[in-house]
Amino acid sequence: MMNRIDRLFKETKGEILSVYITAGYPELGDTVPLLEALQNHGAHMVEIGIPFSDPLADGAVIQDSSQVALRNGMKLDLLFKQLEGIRPAIHMPLVLMGYLNPVLQMGMDTFLGRCRHTGIDGVIIPDLPPAEYDARYREMFSAYGVHNSLLITPHTDENRIRRIAELSGGFLYLVADSSTTGARNSIGDHQVEYFRRIHDMGLPVPGLIGFGISNRETFLTACKFARGAIIGSAFIRAIGESGTLSLQQKVEMFIKEIRGA
Amino acid sequence: MGFEVDDQGFYGDFGGAYIPEMLYSNIRELENRYLEIIRSDEFQTEFRQLLKDYAGRPTPLFRAERLSAHFGTRIFLKREDLNHTGAHKINNTIGQILLARRLGKQRIIAETGAGQHGVATATVCALFGMHCIVYMGELDVERQAPNVKKMKMLGAEVVTVHSGNKTLKDATNEAIRDWINHPVDTHYIIGSVVGPHPYPDMVTRFQSVISEEIRIQLQEKTGRNYPDYLVACVGGGSNAAGAYYHYLEDKRVRLISAEAAGLGVESGMTAATSLLGTSGIIHGSRTLLMQDDDGQIEEPYSISAGLDYPGVGPLHAWLAKSGRATVFAATDEEALQAALLCSRKEGIIPALETAHALAVLEKITPGPDDVVVVNLSGRGDKDMETYINKLGI
């Protein structure tokens, strides 16, 4: 079977909307209901964040959601148990995003085996260096049929971008600015220049833009230069707000706003 | 088996640079240039001059007669407590500020726990007129108020960190996040031999002036340039790395690392990282660290704010694992009693961190003719409140 990420990029004509959630947030049992709601309301792909005590690349919103999730009792082992049996009802591609330490404690081989077993299509591990991935884990990922999407930033030089794109499976994660997650909420000229530069390189793997994509306007700007975009902090903030709306309603409102539906 | 960092940034199984791509260009720039800069004559001249005229080096190696008589051996104290700002930390911040200037950086960031590294960073930033931002956990800001005031008097901006557990680990996370958001104009002065390569090696090199001086001073005082035992406390491990550096390959020298046992190694309230920790990744480095079975990093405990770091520098992880260093853990109570002993026997009030190294003298058994050097890494002024409360003074 073709990896669902590859099929998504092959079969989708328009912009791809990928949404980040933190596993076990806002409530421990919300992981799967969120996936269902996101699929129902038109997200194309979901990145499920594995909460970590020390999320170096994340801004305040995702840090806080990770802390809440850990206090709720979320663990990587429990996450895999929650994801047991979600296929085929959840048919969109799913990506696990997390820091290297929890993955290494489980063991990369066990982790990838459980990804394959539960129907996880790809992973993003920001603090796993590309060279170490290539030397130690690339063949293992390939054997399990799990993609590893790597990151580039405005400061990544051209040779390195080509090398990282070649190593990336599924898609290349274009970090929109030199920032932690959720630190910006607009797209400036220097970023547009960077997006155009990457677009014009004609890389062998499609790109998704993330970090600082927070509303319809920034989503559409990103989609001019890449196949789609990833929304994280803005979504976490939206579902974390107190009020009378149900989780389903919050998801519906958020996705509608982004997709302009 | 070597103890120098290899070209991939590893000490045996430990080290490396496990950083997100957002930090790659910063770390790469540093990695490409630090050795060339540090080795240049022009850098060395300025560095040595400042160590001498500003920090007050060389620090004395003092023959501690009454402690020697007490323990029945020959004890020397390397007086890092006599440095400007009261600890060895200034050796590193002088080195890094000179490096930052040569890299063209205008903005300096640092993390601090007890505040000693924060003060040492604020000090060199004042000296060179650089903009200084120090990240400090909310709990530490409360516990170490005098050092917060010192940093502010020196012109630094102190940012209170509310994330995570609000201590050193979280202050370090926040400094790293700042660096991600300011990749071009900012240099991050890490305070210990931790973090991604090349930091552990770079900080070790700046601190290695300690062992360089010990060699010369021991030769003068004992007729040979090495001790039988070399004792230092290890939190992240910068004073120990500096004291060990020139003796790493010299097997005649027994390296003795003192970690903080807190309430006891088995108590669950401890910072005995290399005794209890397991291999994992913290702040961009693979090392021994305190973590749960899910890979979440745990908050350690020690009475000493300078030793309650959940990891240990990768060099120290390798020294412990390879057996090159012997690690002992001293409890809060043992450290307090050792601080009292040193005060009463030698007229020197040591920092609580250093007191753990002194406490380990009870656990080793040097002969009467053996030479024991203890790195007296810092002075006890900052810990007077704890001493007063805990020792009933």
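1. Buried face of α14(B). In this predicted model, the buried residues of α14(B) are B:D332, B:A335, B:L336, B:A338, B:A339, B:L340, B:C342 and B:E346. An α-helix has 3.6 residues a turn, so residues three or four places apart point the same way.

2. Packing partners. Those buried residues pack against both strands and helices of chain B. The strands are β3 (61–63), β10 (254–262) and β13 (325–331). The helices are α3 (65–71), α15 (352–359) and α16 (384–391).

3. Helix geometry. α14 of chain B covers residues 332–346, 15 residues in total. At 1.5 Å a residue it should span 21 Å, and its end C-alpha atoms are 21 Å apart, so the two values agree. B:G347 follows the helix, with a positive phi near 70°.

4. Cysteines. There are zero disulfides over all chains. The cysteine sulfur closest to that of B:C132 belongs to B:C125, at 3.7 Å. B:C132 counts as buried because its relative accessibility is 2%. A:C115 is also buried, at 0%.

5. Largest pocket. Its volume is about 690 Å³. The lining has 32 residues; B:R143, B:Q144, B:K382, B:D383 and B:T386 lie nearest the centre. By class, 11 are nonpolar, 10 polar and 11 charged.

6. Elements around the pocket. α5 (116–128), α7 (145–153), α15 and α16 of chain B each supply at least two lining residues. The largest share, five residues, comes from α16(B). Both α15 and α16 of chain B also pack against the buried residues of α14(B).

Technical notes: Residues are numbered from 1 along each chain as its sequence is written. Chains are lettered from A and ligands numbered from 1 in the order in which they are written. This is a predicted model: local features need pLDDT of at least 70, side-chain atom pairs count only at pLDDT 80 or more; totals for chains, interfaces and linings use all residues. Side-chain values use heavy atoms; hydrogens and water are left out. Helices (H or I, at least four residues) and strands (E, at least two) are DSSP runs, numbered from the N terminus. The expected span of a helix is 1.5 Å times one less than its number of residues. Buried means under 20% relative accessible area, exposed over 50%, partly exposed in between (1.4 Å probe, protein chains only). Contact means heavy atoms within 4.5 Å. A disulfide is a pair of cysteine sulfur atoms within 2.5 Å. On a 1 Å grid over the protein atoms alone, a cavity is a set of points where a 1.4 Å probe fits but cannot get out, and a pocket is an open set with protein on both sides within 12 Å along at least five of seven lines; lining residues have an atom within 4 Å of a point. Grid points are joined across faces, edges and corners, and a volume is the space filled by probe spheres set on the points. Ala, Val, Leu, Ile, Met, Phe, Trp, Tyr, Cys and Pro count as nonpolar, Asp, Glu, Lys and Arg as charged, and the others, Gly among them, as polar.
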